[in-house]
Amino acid sequence: MGSFIHLVQNENMKIYRRARTWIMLSILAIVNILMPLLFHLADGGGNISLWESVLQTGAFTFFLCTIFSVIVASDSVAGEFSWGTIKLLLIRPWSRSKILLSKYIAVVLFSLLCTVLLIIVSYGVSAIFFSGGAGGSIMGERIGPRYYFLIMLCDYVDLFMTVALAFMLSAVFRASGLAIGLSLFIMFAKGIFNMLFNPERYSWAKFLPFMHMDLSQYLASPAGPGGVTLGFSILILAIYYVLFLVIAWTVFGKRDVAA
């Protein structure tokens, strides 16, 4: 167990010793500082409450959190091939499964760090400029701590699935640029997929993963597009999550790195 923890620490070092990582974290922090400041300057009548500022800031900056996590996930395995370090990694006394698991854990920890950083900075800066408890209401829910953390939880489920997909692509492709580009394309295009393949028009579309990644739709209604339920969406996401990881482990376990 101790050797595996050391392996995870090693993968974390690979992530955080790169200047790119700290640039991304700095951008995330700066944007979360600027957004409440802009809300304060625009709010002349004191109409925005503390939790409304935190919610609006998070709604804008969580997108950056997802992009940065996808970049790290896409580069985690494919980057070893691009940099030519994969052979040095595999000659160490660890199985390929442990190596891949350590990389995946490091990527998930980075996504959690981005999310926690977003929450702490957005709340801390908003608390400086705004006061008061819950604000107005959205979809019948009072804007307060409960609603905010429900939204954050739904957003993180979306991020978690997107990271799993990006990690799978990183294990499948040798070129990190291709893995990052394809992951970002799917991330930006999934909204278009949802419009083109609406489950109310195509019954089979309810089995596509992108239809279920936004769980916040169930905060307004117990049924989503096509009559699907929260339980059904969670089941579909769980199936695709396992599928993504099985593909990643299978491809990485059988990949020939002699060339």
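At what angle do the axes of helix H6 and helix H7 cross, and within what distance do they come? In this predicted model, local features need pLDDT of at least 70 and side-chain atom pairs count only at pLDDT 80 or more, while totals for chains, interfaces and linings use all residues. Residues are numbered from 1 along each chain as its sequence is written, and side-chain values use heavy atoms, without hydrogens and water.

Helices are DSSP runs (H or I, at least four residues) numbered from the N terminus. The axes of H6 (residues 145-172) and H7 (residues 176-196) cross at roughly 145 degrees and come within 9 Å; axes are lines fitted to C-alpha atoms over the stretch in contact, with angles from 0 to 180 degrees between N-to-C directions. In H6, Asp158, Thr162, Leu165, Ala166, Leu169 and Ser170 meet Ala179, Leu182, Ser183, Ile186, Met187 and Lys190 of H7, contact being heavy atoms within 4.5 Å. The residues of this contact comprise 7 nonpolar, 3 polar and 2 charged (nonpolar: Ala, Val, Leu, Ile, Met, Phe, Trp, Tyr, Cys and Pro; charged: Asp, Glu, Lys and Arg; polar: the others, Gly among them).

Ser102 belongs to helix H5 (residues 96-129) and is buried, with 0% relative accessibility (buried means under 20% relative accessible area, 1.4 Å probe, protein chains only). Not counting residues up to four places away in sequence, Ser102 touches Phe4, Leu7, Val8 and Glu11.

Pro36, in helix H2 (residues 19-42), is likewise buried, at a relative accessible area of 0%. Beyond four places in sequence, Pro36 touches Ser53, Thr57, Ser122, Val125, Ser126, Phe129 and Phe130. The C-alpha atoms of Pro36 and Leu112 are separated by 22 Å, with the two residues 76 apart along the chain.

Notes:
Helix = DSSP H or I, 4+ residues; strand = E, 2+ residues; numbered from the N terminus. Buried < 20%, exposed > 50% of the residue type's maximum accessible area, 1.4 Å probe, protein only.
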